[in-house]
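Visitor: I would like to go through this model with you. Could you put it on screen first?

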Amino acid sequence: MKSLDIHKSEYLKQFKDQSYGRNLFRTQEEERLDAPNEECGIFGMYSDNDLDTFSLSQFGLFALQHRGQEACGISVLKNGKIANLKDEGLVLDVYKDIQDPETFMGNSAIGHTRYTTAGDKKKYNFQPFFAKNEYDQIILSIAHNGNLTNAKELKAELEAEGVVFRATSDSEVILRLIQKNLDLGLRGAIKATMEKIEGAYSVVGMTRNKFFAFRDFNGIRPLVLGAIDEKTYVVASESVALDAVGAQYVRDILPGEIIYTNENEPGKLHSYMVDEEKGRQRICSFEYIYFARPDSTLENINVYEIREKSGEKIWHQAPVEADLVIGVPDSGVPAAIGFSKASGIPFRPVLIKNRYIGRSFIVPTQEMRERVVNLKLNPIISEIKDKRVVIIDDSIVRGTTSKRLVKILKDAGVKEIHFRSVSPPIIAPCYLGIDTPSKDDLISANMSTEELRKYLGVDSLEFLSTDNLKAILGSSNHCFGCFTEEYPVGKGEEVELFN
């Protein structure tokens, strides 16, 4: 049997040249319905010198592909002019269709990879967003990750002042507020915007001679800063994007911080704290459980290590006798390795991935959609037949994916199934940048653990406790709203932002 260290090494190595898939048992439709979904990943870079921004932005966004797979876009600053391109599709597909890469080579670039909610797949909602002057020239472009809780009222205020909105996204509210206040200078315009908007936001952007990034006062959505050299800076949702472009991690951008360049001091990056007293660390705990790539580091905490510790912790919380441990690829594998280390029960990677399958199957019936799952993952029956199996998964949302997984294992002849979720029960939706079902559709909000165990048809079921999650993370300075219904900011109106 391979050592667990070798399993870990092989597991992490694969994401260097393949996109990370969180839960490969979910069909594309279920990724929308039976999973929490991150709204997007953002990337930005600036240099005093010209760069191959076409290639580097492509590498950075590919590393963030798991944060959004519906659309991709870039804005590039070249000779004082901003060019913008955005389209539906995966990062590599969008870049492949660019006819003239030279157009997108300059000294600064921002990019966005988007997860789109149902009914919102309109190109005008793809990012980066941009504003033009009277000469039809782009003067400002931003990419945003998060969700504003007061976007609807701010949009109404701006419309009353004559501002025309072209999209149905709260990100455009940020753009228009910065644009409206540019007479205060770039830093002043961002400060005025941050003092108006509420919720979760990490933003990268550029004007025709400046680069900037900023983060909300609770730091709910991640944003990291890196450097390629003394005059070349990179900002991204996760540290893996820094690795992809050869940048060294410098630090996380602080809650309530603006970083920006000044045309009078080329190559120098400035920092400004909007309000020292308001800034506090409340990064989303689900970033560590599910969203981030396992080889990322956020707030100086390695994601893989947290996931492995969660497997160790849930073994101590809910031990069980079994013959082997398996993890749902990709996100459940580190926790399964941790569970195996703590328990001594062998870990087996018995769910085999088809590395060549894409997302392009279009099938009209539920029966055929379920068969797609078996094309993506297939169990090694000889390894699990007549065995007592512990299955480790990242979370249970609606329960439909988990129920299908149990059926696949039973059909393969598994003797006992012990299900472990390394997130606490998800009992509430997120209003701060994650697309989750309504409370009525969250199975743990409507069933006890015992009722859910019977529904899934497993021999035992346990969730990692919120207290144990806090212990693994090392503090309570995170957002645990989807587990506790207690949020670091008001959730705002429970309505569509834009009717």
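Visitor: Which strands does helix α11 lie across?
Guide: Helix α11 (residues 333-343) lies across β18, β21 and β22 (416-421), and runs at about 160 degrees to β18. Axes are lines fitted to C-alpha atoms, for helices over the stretch in contact, and angles run from 0 to 180 degrees between N-to-C directions. Contact means heavy atoms within 4.5 Å. Helices (H or I, at least four residues) and strands (E, at least two) are DSSP runs, numbered from the N terminus.

Visitor: Before we continue, what kind of model is this?
Guide: This is a predicted model, in which local features need pLDDT of at least 70 and side-chain atom pairs count only at pLDDT 80 or more, while totals for chains, interfaces and linings use all residues. Residues are numbered from 1 along each chain as its sequence is written, and side-chain values use heavy atoms, with hydrogens and water left out.

Visitor: Back to the strands. What is the order in the open sheet of four?
Guide: The order is β18-β21-β22-β24, with parallel pairing; two strands pair if DSSP finds at least two bridges between them. β18 (324-327) and β24 (460-463) stand at the edges with a single partner strand each, so one side of each has no neighbour in the sheet. On average, neighbouring strands of this sheet are turned by 20 degrees against each other, direction ignored.

Visitor: How many bridges join β18 to β21?
Guide: Four bridges join β18 to β21 (residues 388-393), and the two run parallel. Isoleucine 326 has isoleucine 391 in β21 as its bridge partner.

Visitor: Where is serine 331, and is it buried or exposed?
Guide: Serine 331 is found in the loop between β18 and α11. Serine 331 is buried, with a relative accessible area of 2%. Buried means under 20% relative accessible area, exposed over 50%, and partly exposed in between (1.4 Å probe, protein chains only).

Visitor: Which residues does UniProt list under "binding site"?
Guide: The unreviewed UniProt entry places that feature at Ser331, Asp393 and Asp394. They are spread over 64 residues of sequence but cluster in space, with a largest C-alpha distance of 7.4 Å. UniProt positions are given in the numbering used here, feature names are shortened, and annotations may be inferred rather than shown by experiment.

Visitor: And which residue is listed for "active site"?
Guide: The unreviewed UniProt entry lists Cys40. Cysteine 40 lies in strand β2 (residues 40-47) and is buried, with a relative accessible area of 2%. Not counting residues up to four places away in sequence, cysteine 40 touches Arg67, His112, Thr113, Arg114, Tyr115, His144, Asn145 and Ser237.

Visitor: A change of topic: which members of the largest nonpolar core touch the most others?
Guide: Of its 77 residues, these are Phe43, Tyr95, Phe286, Tyr288, Phe339, Ile392 and Phe483. This core draws at least three residues from each of domain 1 (37-281) and domain 2 (304-475), the bounds coming from an automatic or database domain assignment. A nonpolar core is a set of buried Ala, Val, Leu, Ile, Met, Phe, Trp, Tyr and Cys residues joined through side-chain atoms within 4.5 Å.

Visitor: What does tyrosine 95 contact?
Guide: Leaving aside neighbours within four places in sequence, tyrosine 95 is in contact with Phe54, Ser57, Gln58, Leu61, Cys72 and Ile74. A second, separate core of 29 residues includes Phe129, Ile190, Ile197 and Val203.

Visitor: Finally, how many helices and strands are there?
Guide: The protein has 18 helices and 25 strands. Of its 499 residues, 59% are buried.
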